[in-house]
Every structure is written in C-alpha cells, then in structure tokens.
Amino acid sequence: MTRQPLHDFSTLLLQLYRLSHELPIDAFQDAALELIKPVLPFDASMWGTATTASEGIDVHTLHLHRKTPEMMMEYDNFKHLDSAAASFFGKGHGTRGFNSANWWSGPKYAPFLDYVQRYDQNNIFITMDSDPRTNFMHWFSLFRIDPDAHCKPEEVSLLASLSPHMMQALALNRLVHLDRTLSPASGTQPRGSAIADLKGAIYHCDVSFVALMQEEFPSWPRQALPQSLLEHFMIEQSTWLGRRIAVSCRLEQRLLFLSVRKRCRSDGLTPREHTVAELLARGDTHKDIAAILNRSPATVRNHIQSIYDKLQVGNVAGLIQELRLAG
C-alpha cells in the first residue's frame, strides 16, 4: 500500500491547523477541503453534523463544497434508502468508500441510485465520528464524478488518518471565532461561553458556562441547550433573562455563539431607561438627554429617578458601576 510520506503528512497537518487559526469561520471548511484535495482527489463534498434515527439522518449543520442546497433538499425524500450512511450507525467512528452503482444495486435502491447519480455522487468517501449514547455524529463525505474513480483502500486509510485532524481543526476554528466575538468581556462579572447549533446541540462550553447554567437549570444535562433558551434565540437575538442569569447570543454560519453571566440590576431597566442611563454615563445632562430623545426635561428626570431606584444608586458613578456589571 502506498503511504503518504511522514514529512508531507506532517506539513499538511501544520498547514491545516494554521488555517484553523487564521481564517474566518465562513472560509475555513472550504480551505481545509482544498488543502487535502491534492493528496486525496475529489470533486465535491459535504461536511456537517447530524443525529441518526431509524428513518435516516437528521442534519443539524451542513457545509456544502461545490454542491447546491437543492441536493440536500431532495435528499430528505430518499434518506431512508441511504444504506451507506446507515452502515455507520452505532459504530462510534469509521471511514469507508462506496461505489454507488455497486452499493445501491437492485430495485429497492433504484430511486436512491438515480438520486446520487444525478448529483454526480458516483464514488463516495464517508468518514464519521459519533457518540453512541446520543446518536450525534460529525461527518464529511467526499464525492467523485468519474464512475471508474473507485475509492482505493489506501485512500480510505489516508482519509481515516486525516479526518480526526479535520474535525479537530474545525472545532479550533470555531473556538478562535468564539474568543474573537465574545471576549474579552467588557463587564466585571465572570462569564461563560458556548457554541451550539440551531437544534440546540452543544459543540463547546467552558466550565464557567456550565456552572452558571446550572444555577438557572439545576438538572441541565449539558448536551443541549434548554428548550426555553433555544426557542428564545430562534425568535429574536435579544438577551435572554432568567431568574439568575443573562444569556446573549450571536448567530453566524447557522451556529449560536453564546455568552452567559449572572443577572444584575441593570437587566431590570426598560429599553428607554437603558438609553437614558447610557447617556448619563457618557456625561450628558438631563437637559442634553431631553434634547437628544425629544422628551421634556421633566420626563427625563422621572426616568433618571426610576433608574436610580432600580439600580439602588444615588449618583452617576454608582450608575456606571452597575452598567459595567452587564458589560
């Protein structure tokens, strides 16, 4: 069997991990796939996460490389016939190659064979890592158009060696992005951070996130976001306020980048009061604020008194300190 020279393999991995730290989240997966293409030729790919079920895979996240969304929209009609994907269910991890015409032969699989051939999936590599306890899997597939470009055993072995690094590099790329978008926190309170998908599955969370979430949700299982929290961020991007914590969210590339902190007094301000408080904190007088907001000075004075009461402070210095707690 022909093996990738160790020096060349190490060089490729160094390039892969460098890309994971240098590239933005929307560019990394394409760059990583282009990086391995010279050593493992393919024409297109899809890379994502899913939950396995008897009727097929339920996709959580998906990155398409040189494929269109229509392919996956149509896949839902045939996924119960995808015996290649099903051959990995419950296995933990694995890498295999498939020739479509041979694997999906016979009348039962004729609709699925027609589907994969229409989308130029004539030879397919699949590599997968899953948690048998939750049926949650990370995977990517590589497609070859040429029906005669079969997946060789040495290529399957090479992909099996590369795929853990590809998946780890993707996790690192997301963590770098999390650090850049949510840190450093401008507030003075400890904060936790996490990454989850639009179905609530958690890809990363730090110890502070776990500790703070468990103050609000004592029986929280950690693998997924609480339903109430997920439903809130599916409707709006405003901060979610619980009894004890506040959670903010940034949506990017169909992932939720989350930050959590303890609730503070300023969370009880109305949007108008928060605007007035911010203007006070930057040094504006109540007359300045009245002009800026097109309100009477008396109205602004009432807002200021309400703000001081809610924050339990008596001056601007105390107000600034309370605002800093929220960041």
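Which element gives the most to the lining of the largest pocket?

**Figure 1. Lining of the largest pocket in the predicted model.** The largest pocket holds about 810 Å³ of space. Helix H7 gives the most to its lining, with nine residues. At least two lining residues each are supplied by strand E2 (56-65), strand E3 (93-99), E4, E5, H7 and strand E7 (202-205). In total, 33 residues line the largest pocket, and those nearest its centre are Asp 129, Phe 136, His 138, Ile 202 and Tyr 203. By class, this lining comprises 13 nonpolar, 14 polar and six charged residues.

**Figure 2. The largest cavity and its lining residues.** Three cavities of 30 Å³ or more are found in a search of the whole structure. Helix H4 (83-86), helix H6 (110-118), strand E4 (123-131) and strand E5 (136-144) each contribute at least two residues to the lining of the largest cavity. Strand E5 gives the most, with four residues. The lining of the largest cavity divides into 14 nonpolar, two polar and one charged residues.

**Figure 3. The second largest cavity and its lining residues.** About 60 Å³ of space lies in the second largest cavity. The residues that line the second largest cavity are Gln 29, Trp 47, Gly 48, Thr 49, Thr 61, His 138, Trp 139, Met 167, Leu 170 and Arg 174. Two or more of the lining residues come from each of strand E1 (44-53), E5 and helix H7 (153-182). By class, four lining residues of the second largest cavity are nonpolar, five are polar and one is charged. His 138 lines the second largest cavity and is also among the residues nearest the centre of the largest pocket.

**Figure 4. Crossing of helices H10 and H13.** The axes of helix H10 (residues 271-281) and helix H13 (residues 316-326) come within 9 Å and cross at roughly 120 degrees. This angle makes H10 oblique to H13. The crossing of H10 past H13 is left-handed. On the H10 side, the contact is formed by His 274, Ala 277, Glu 278, Leu 280 and Ala 281, which meet Val 316, Leu 319, Ile 320 and Leu 323 in H13. Seven nonpolar residues, one polar residue and one charged residue make up the contact of H10 with H13.

Key:
Residues numbered from 1 in each chain as written. Predicted model: local features only at pLDDT ≥ 70, side-chain atom pairs only at ≥ 80, totals over all residues. Heavy atoms only, no water. Axes fitted to C-alpha atoms, helices over the stretch in contact; angles between N-to-C directions. Parallel < 35°, antiparallel > 145°, perpendicular 65-115°, else oblique. Left-handed = near helix turned anticlockwise from the far one by under 90°. Contact = heavy atoms within 4.5 Å. Nonpolar A, V, L, I, M, F, W, Y, C, P; charged D, E, K, R; others polar. 1 Å grid on protein atoms, 1.4 Å probe; cavity = no way out; pocket = protein on both sides within 12 Å on 5 of 7 lines; lining within 4 Å. Points joined across faces, edges and corners; volume = space filled by probe spheres on them.
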